[in-house]
Every structure is written in structure tokens, then in C-alpha cells.
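Subject: Structure for you to look at

Hello,

Here is the structure I promised to pass on. Please open it first, then read the notes below it.

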Amino acid sequence: MALNVVMLGPPGAGKGTQAERFAREYALPKISTGDILREAVQSGSELGQQVKVVMERGELVSDALITGIVSERLSRPDVAGGFVLDGFPRTVPQAEALDALVAGGDPLIVVEMKVPDEELVRRVQGRRVCKVCGTNVSAFGGDPANVQRCEKCGGELVSRSDDTEAVVRERLKIYWRDTRPIIAYYGGRPTFRSIDGAQTPEQVRQALIGAVSEVAAAAGLPDVKGAAGLSADEGVGA
Ligand code: AP5
């Protein structure tokens, strides 16, 4: 049986942070469309050249392109036990395409993370990312100028090019226009849950595990809560 988790939420809601932890705890592959596209941009591949400007403007790449990428990723054997999707779907056509991709399999467990817009803008502007290993760091709690090196690998910490205030506000506008309608698309399903993402990272983690666990139990999937392996105090720092 597969644990197919979809994380929904606006930019800066904490999808990536929580998806990474959840995937690690449950030994599932984390599939982040943002990460896949950023890697392509960094490598200078044809795909990267195609999407760079779109991403820098905070706009969405085409449904056809991103659905093709996810379709290929979900065809790999490592998703047999499930996956954690971060950043996909982002439009109703993408949600419909995902339903078609998983048709006949275990249900999608869809979790929406809700965070007020102004907190999102604050978080995204404070995000730093390691140029080498991609680790995400929050600059809050100290002088952002001091957040220069990655604790994991020593790589340089930089802001994402789409994390300026102007671009974040554009991303939020697009979220409310194009992505928010998928909440209505999934909202009536018994496998949909909404959680408060404006809590501490550890509280959000607990809420996420609780939501997935509830849905999984109702769907006859294995116990989720009992499988969580990390200690409760392993936070991401905010
Ligand atoms: P993507 O990378 O998916 O960006 P996003 O959805 O805008 O999400 P973010 O990565 O900004 O935020 P997040 O929710 O993951 O938050 P995080 O955990 O990092 O996509 C980038 C671009 O790629 C798109 O704009 C588009 O162009 C393209 N794209 C990708 N997928 C696409 C698709 N399906 N269709 C079309 N185009 C697509 O947290 C943010 C910060 O807050 C961090 O600093 C973190 O440390 C901190 N933080 C996390 N949790 C908390 C907390 N609880 N309290 C305080 N701070 C916290």
C-alpha cells in the first residue's frame, strides 16, 4: 500500500520544509517541482533555459511541461510505496492530470497549509538557500547579514531570485488566481485536510502527521503516527 501525500499551500507556507521532513521520516521520495525546475536552471539545460525567465517573474510554467515532468517522475520504481508531492498540482488541469496518473492506485492524501499573506511575505524574504546543497535556512532570529554559510556543507547562502518582495507578491497573486481553485477541487474529498501552517515548524509537523494519519487510517493504510521516527524537538528554526 502506498502513502501518496500532496502538500498544498501558497509560497512560503512551509511546504518544502515539511515535505522534506515528512519524506525523510517515512522514507518516501519527495518530489518538488520547484526543486526540479531550479536544478534545470542551474544546470543550464534546455529545460532550464526555457523556464528561467518564467520562474524569475514568479509566473507558472505551462501545465503541459510540468505535467510531463511529474508523469515521468511518477513512473519510476521508487514511488511504489508512495511519495510526497511539493509544488504540484498548482492548477485545476494539473490536479486533473494527477488524478489520471494515480488512477487505480491508493488515494491521494491532500493537505493544505494555511498561512496569512503578510506572514508569507515575511518568511520568503527571510529565506536563504545553500548554493551547493540546497538546504533552506530562515534568516530570522539574527542579523540576516550573518547568515552566510550553510551549516551542513559550508556552501554560500543566498536568496532565491524569486524571493524579492515584488516577485513574492506576484506569486501570491497567481496563487490566489490559479492555485487556490484546487482547494475547491479537492475540498469535498474525505482524503482532504486543512492545517494551520502559521504555528512553529514542530507544531506544523505534528498537525501534518495527525492529518495524514487520520486519512490513512480511514483509508485502511498502515499506521502513520507510530512510524514517525524523529524526536519532537528536532525543529527547523524560524
Ligand atoms: P516552488 O519552489 O514550488 O515555490 P513556492 O510554491 O512558491 O513555494 P516556496 O518554495 O516559496 O515555499 P514553501 O511553501 O516550500 O516554503 P518553505 O518550506 O521553503 O516553485 C517555484 C517556481 O517554480 C514557481 O513560482 C513556478 O514558476 C515554478 N513551478 C513550480 N511548480 C510548478 C507547477 N506545478 N506548475 C507551474 N509552475 C511551477 O518555507 C519558506 C521559509 O519559511 C523558509 O525560510 C523556512 O525556513 C521558513 N519556515 C518554514 N516553516 C516555517 C514556520 N512554521 N514558521 C516560520 N518560518 C517557517
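Searching the whole structure turns up 23 salt bridges. Please keep in mind that this is a predicted model. As background, side chains of opposite charge can pair when their charged atoms come close.

I start with Glu 202 and Arg 21. Their side chains form a salt bridge, with 3.7 Å from N to O. This pair joins distant parts of the chain: Glu 202 belongs to helix H9 (residues 201–218) and Arg 21 to helix H1 (residues 15–25), 181 residues apart. Are these two residues buried or exposed? Glu 202 counts as buried because its relative accessibility is 16%, which is under the 20% limit. Arg 21 has a relative accessibility of 3%, so Arg 21 counts as buried too.

The next pair is Glu 118 and Arg 169, whose closest N and O atoms are 3.2 Å apart in a salt bridge. Here too, distant parts of the chain are linked: Glu 118 is in helix H6 (residues 117–125) and Arg 169 is in helix H7 (residues 165–179), 51 residues apart. Glu 118 counts as exposed because its relative accessibility is 52%, and Arg 169, at 35%, counts as partly exposed.

Helix H6 also holds a pair of its own. Arg 123 and Glu 119 are both in this helix, 4 residues apart, or about one turn. They form a salt bridge with the closest N and O atoms 2.9 Å apart. Glu 119 is partly exposed, at 22% relative accessibility.

Finally, there is a network of salt bridges that links Arg 127, Arg 160, Asp 162, Asp 163 and Arg 171.

Regards

Note on methods:
Residues are numbered from 1 along each chain as its sequence is written. This is a predicted model: local features need pLDDT of at least 70, side-chain atom pairs count only at pLDDT 80 or more; totals for chains, interfaces and linings use all residues. Side-chain values use heavy atoms; hydrogens and water are left out. A salt bridge is a side-chain nitrogen of Lys or Arg within 4 Å of a carboxyl oxygen of Asp or Glu. Helices (H or I, at least four residues) and strands (E, at least two) are DSSP runs, numbered from the N terminus. Buried means under 20% relative accessible area, exposed over 50%, partly exposed in between (1.4 Å probe, protein chains only).
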